[in-house]
Structures are given as C-alpha cells and as structure tokens.
Amino acid sequence: MKSGNLYTISAPSGAGKTSLVKALVESSDTICVSISHTTRDKRPGEEDGVNYHFVDHSTFEQMLGQDAFLEHAEVFGNYYGTSKTWVETALSKGKDVILEIDWQGAQQVTQMLPDTIAIFILPPSKAALRDRLDNRGQDDENVIASRMSEAVNEMSHYREADFLVINDVFEVALEELQTILSSGRLLTECQQLAHGKLLEDLLSQ
C-alpha cells in the first residue's frame, strides 16, 4: 500500500495558516490534517474533535506519560500535542498528512521522522500581520501585543523549513502549497510504491 507524505506547516499567529490549510485539505481527498490535542480553551465557533481535541492538563500529562504524542509543545501557556498513532495510521493508508504546528513541534517531528517535509508561511509585512490579528476579533490588546512580540522569534525559524510561502495573496499562496504537495507525490520513492507493477513490467526482459 502506498505510504503518504508527512508535512509540517508552521507560521506566526495571524499569518493565515489555518485558512490556507483548510482550503488545501478541501482541494484534495488525498490530504488530511491532524487534529491536535490542546489544553487551551475553545474559541467561539470551535468544536471538540473538529478543530482540536480539547483536554485538561491532567489528561494531557497522562498522555505524555504514555508516550502518545509524536510531538508536543507549550505555546502561550497552553499545551499542544499530535497523536502518534493517528498519524501513523493515516500515512499507512496513503494519505498525505499535514501537521499544523509551531516551529518547536516541527523541530521535534523532523528529528524523529527525517523524511518529514517542513513548510513555513510568512505574512507579507508586520503591518499585515497586526491587521490580521486585529481583524480576527478573538483576542484582546494584551494578547495581540504578546503575539506580535513573539512573532519575530517565531518567524526567524523559517530557515529550518524546506519550503517557504509568503501569504500575501491568498489564492497564490494556496496554489504554491498545492504545488509543494503535488511535487511530493512525484518523489521517486512514492512513485515506486504507487506504480510498482508498472515499473516491474517496464524493466522486465
């Protein structure tokens, strides 16, 4: 059975990562996004099991003790983690799996699974990033200021990614992400798994 590719997509808060990943997943039935576990509170409109698996600190710590996470990190005082079993199962079914995680989580995943393909998304400017955070209407001024302060450190980790996408025009950024994933499916290793019989026939005497 063809194995899928594992991707990490990281970005500072407000860069448009969530909207791009949603559109990317909706554009193909071979792409799925991992639903992380988190200890943060639900935001308006979010659903448990759809946006995140919302758990308390005690449950998260218990899962950590069971080595249940492929990666985990603390972000703004809350914990996030990716289920190891879920990712392995999805990949074994030939799905391309996207982990929408911060740079710390991306580092952990790449160290554990070197074949992971890392993507980083940046905003076109600091002003645009600030506008997007303001327009979300989900955070107060103190939270936004904290996110802007942290953004410079977060954005400096773009160098660790394999691909860099600038989210200026949404449609262009989405097309670039689609191109990255399409290219991933054409890697020789993936093509060998997908077309093993054809390759065997072509090389037979």
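Contact here means heavy atoms within 4.5 Å, and the tour below goes through a predicted model.

Begin by selecting E46, which sits in the loop between β3 (37-38) and β4 (53-54). Leaving aside its neighbours within four places in sequence, E46 is in contact with R40, D41, N51, Y52 and F54. Because buried means under 20% relative accessible area, E46, at 18% relative accessibility, counts as buried. Now show its side chain, which makes a polar contact of 2.8 Å with the side chain of R40 and also reaches the backbone nitrogen of R43 at 2.8 Å.

Next, move to the largest nonpolar core, which has 19 residues, and select I9, L24, I98, I119, I121, L177 and L181, the members that touch the most other members. At least two residues of this core come from each of β1 (6-10), α1 (17-26), β8 (117-122) and α7 (170-185), with α7 giving the most, five residues. Centre the view on I121, which, not counting residues up to four places away in sequence, touches I9, S10, A11, P12, A15, K17, L20, V165, N167 and L177. Apart from this core lies another one of 11 residues, including L6, L70, I101 and A106.

Finally, select helix α4 (residues 103-112), in which W103, G105, A106 and V109 are buried. These residues cover an arc of only 155° around the axis, and they therefore lie on the same side of α4. To see what covers the buried residues of α4, display, among other parts, β1, β5 (69-75), β7 (96-100), β8 and α6 (141-155).

Conventions: Residues are numbered from 1 along each chain as its sequence is written. This is a predicted model: local features need pLDDT of at least 70, side-chain atom pairs count only at pLDDT 80 or more; totals for chains, interfaces and linings use all residues. Side-chain values use heavy atoms; hydrogens and water are left out. A nonpolar core is a set of buried Ala, Val, Leu, Ile, Met, Phe, Trp, Tyr and Cys residues joined through side-chain atoms within 4.5 Å. Buried means under 20% relative accessible area, exposed over 50%, partly exposed in between (1.4 Å probe, protein chains only). Helices (H or I, at least four residues) and strands (E, at least two) are DSSP runs, numbered from the N terminus. The arc is that of the directions from the helix axis to the C-beta atoms. A polar contact is a pair of N or O atoms within 3.5 Å; within protein, one must be able to donate a hydrogen and the other to accept it, and residues adjacent in sequence count only if both atoms are side-chain atoms.
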